[in-house]
Amino acid sequence: MTIIRQEDFIKSIADGFQYISYYHPLDYIQALGKAYDREESPAAKDAIAQILTNSRMCAEGKRPLCQDTGIAVVFLKVGMNVQWDAKMSVTDMVNEGVRRAYGNHENPLRASILRDPAGKRSNTKDNTPAVIHYEIVEGDSVDVICAAKGGGSENKSKLVMLNPSDSIVDWVLKTLPTMGAGWCPPGILGIGIGGTPEKAMLLAKESLMDPINIHDLIEKGPQNKVEELRLELFEKVNSLGIGAQGLGGLTTVVDVKILDYPTHAASLPVAMIPNCAATRHIHFHLNGAGPAILPVPNLDDWPDVAWKADTEKSKRINLDTLTPEEVASWTPGQTLLLNGKMYTGRDAAHQRIEKMLAAGEALPVDFKNKVIYYVGPVDPVRDEAVGPAGPTTSTRMDKFTEMMLANTGLIGMIGKAERGPAAIEAIKKHQAAYLMAVGGAAYLVSKAIETAKVVGFADLGMEAIYEFEVKDMPVTVAVDSKGTSVHNTGPLEWQAKIGKIPVKVM
C-alpha cells in the first residue's frame, strides 16, 4: 500500500507551479516553432518570434512567461489503495503548495485571486484557493496535473446547448471570431462535448492537458468521429486568418483537442476553452517514493529564433515630448519603439479614476499628452526594475476609454488584442491611438523597462498606477487616430489570402 507523505505532496505541488511559470511544455514550443517557419504574415511572424524569444529567456532566467501567472488548477486522480501520512486535508495541502509556489522569494508569482468576487473583490495575496478536480481511481499512486490559466484566455470560454441535429463545426467557426484575440493566439482549442453543461466545460479544460499531436493525426488519418472533427476544425479555424495576436496570419491554433462523454438524447452540450501563448501545465505521478522529480528541459530543443528590435524599420518615439500631431501621423500596423515615461493602469485603477473625476477630485498623476499601459506586473527580484510586465486584455478598459480621452488629456493606450467599437469610436473622436504589445512576451517586454515606481493607488497592489521609464519598448499601431483597426483589417486580408472560407463583407 502506497503512503503519500504530507510534505512530499505539498512540495510537489509547489515545485509544479514554479516549474510551469517559466518552462513552456516542449510540445507547444516545437509546434510554435513550426508555425513560425511557415508563417507568411510579417506582423504574425514578428509576434511569434517575440513569444519564442520570451520563452527561452524565461527558461534561462527562471522568471514567469506571462505577468498573469494564472489561477491555479489541479487535477488529481487518487488511487483507491493510497494512504495519506498527513494532518491536513488534501485540499489544504494543495493550497499550501500553491501558497509556497506563488510566494517563492527567488521567483515570486503574481497573486491574482480575489475573494468576494461579486462584492469587495479583495486579493487573497497568495493566489489561493486553487480550483481542484478530484477523481478516485484504481491503483496505488496519485496522478497530478498542475495548470495555470490566465484570465485573458479563461474569459473567452464558451458554452452552448446545441440541438442534437446542429453542427458543432458551424458553432465553433461562428463563435471563435467573436472571441477576439484576448486569448493570445496561437494557442490550443479545447472542446468538450456531451454530459451536462458543467461536464462539457470540465472536458474542454481537461483536453488542454493532452499532448499536441495534430500533425501525427494528419499523417496517420482519423480513426473515429472525434478525430475527424479535430482535423476539420484545425483546418477551418486556421483558415479564418485570425493569426498570431489576431493580427492576421496562417496559424491561429497549433492543435484542437476534444474530449466527449455520453449525454441526454435531447441534448448536445458543447464547451470551448482556449489555451493561450502562455500554455502552462505539468503532469507527474506520486508513488510514495518522495516528492516529484520534474525533468529539466534541454534548451537546445527550443527553436532557434531570437527576436531583436528592428531599429531600421521601426520608428523610435520619445514619450516625454509626444504631441497629438505626432500621434496623428502614425499608421495602422506601423511598429514603434517607445522611449521615455509612461503610466500604467488597468481595471481597478480606471474604476477609481472614474469615481474621482465624478467627485471633482484631483488625480494622482497628470495624463496630459501621456500614454497609459494596461498592465499588472510581477514583483521584481534581484536587479530587475520590474518583473514580467506584458499587456492585459484591452477590451476590459473599453468602457472607460471615452472618459479617459475626454477628461484627462490622455492621447495613447497600450494593451493586448483588439478594441471594441465604442473604444474605436472614442479613439477616432479624440484622434488618439491604441498600441498593441505582444501577449505572451512579458519577460521580453520587461527588459525594456528601466525604472518603475508606484505613483498612485498603492493599495491596489499589482493594479496600482506605476510610472515606467522605457527604452525601445516594441509596440504596433493597432488603432490609428482615424479609427482603422488592424485587428479588423488583418484577419480579413489573410482569410482572403488563405481563400478556403468566403470573406464576410464588413
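These legends describe close-up views of one predicted model. In this predicted model, local features need pLDDT of at least 70 and side-chain atom pairs count only at pLDDT 80 or more, whereas totals for chains, interfaces and linings use all residues. Residues are numbered from 1 along each chain as its sequence is written, and side-chain values use heavy atoms, with hydrogens and water left out.

**View 1. Spans annotated in UniProt.** In an unreviewed entry, UniProt lists residues 11-284 as "domain: Fe-S hydro-lyase tartrate dehydratase alpha-type catalytic", and the feature "domain: Fe-S hydro-lyase tartrate dehydratase beta-type catalytic" is placed by UniProt, also from an unreviewed entry, at residues 288-489. UniProt positions are given in the numbering used here, feature names are shortened, and annotations may be inferred rather than shown by experiment. The span of residues 11-284 is 37% helix and 24% strand, and its end C-alpha atoms lie 13 Å apart; for residues 288-489 the content is 23% helix and 24% strand, with the end C-alpha atoms 56 Å apart. Helices (H or I, at least four residues) and strands (E, at least two) are DSSP runs, numbered from the N terminus.

**View 2. Domain 2 against domain 3.** The protein chain is divided into domain 1 (1-149 + 281-307), domain 2 (151-277) and domain 3 (315-491), with bounds that come from an automatic or database domain assignment. The centres of domain 2 and domain 3, taken over C-alpha atoms, are separated by 32 Å, and the contact (heavy atoms within 4.5 Å) takes 16 residues from domain 2 and 14 residues from domain 3. About 940 Å² is buried between domain 2 and domain 3, with carbon and sulfur atoms giving 57% of that area; buried area is the accessible area (1.4 Å probe) that two parts lose on being put together, summed over both. On the side of domain 2 that touches domain 3 there are seven nonpolar, eight polar and one charged residues, where Ala, Val, Leu, Ile, Met, Phe, Trp, Tyr, Cys and Pro count as nonpolar, Asp, Glu, Lys and Arg as charged, and the others, Gly among them, as polar. Between domain 2 and domain 3 the count of salt bridges is zero.

View 3. Arg99 and Glu96 join their side chains in a salt bridge, at 2.8 Å from N to O; the term requires a side-chain nitrogen of Lys or Arg within 4 Å of a carboxyl oxygen of Asp or Glu. Both Arg99 and Glu96 lie in helix α4 (residues 90-102), three residues apart, about one turn of the helix. A search of the whole structure finds 25 salt bridges.

**View 4. Backbone geometry in two loops.** The peptide bond from Thr128 to Pro129 is cis, with omega near 0°, and Pro129 lies in the loop between β5 (122-123) and β6 (131-137). Another cis peptide bond joins Pro185 and Pro186, with omega about 5°, and Pro186 lies in the loop between α6 (168-175) and β9 (187-194). Cys184, also placed in the loop between α6 and β9, has a positive phi of about 60° although Cys184 is not a glycine.
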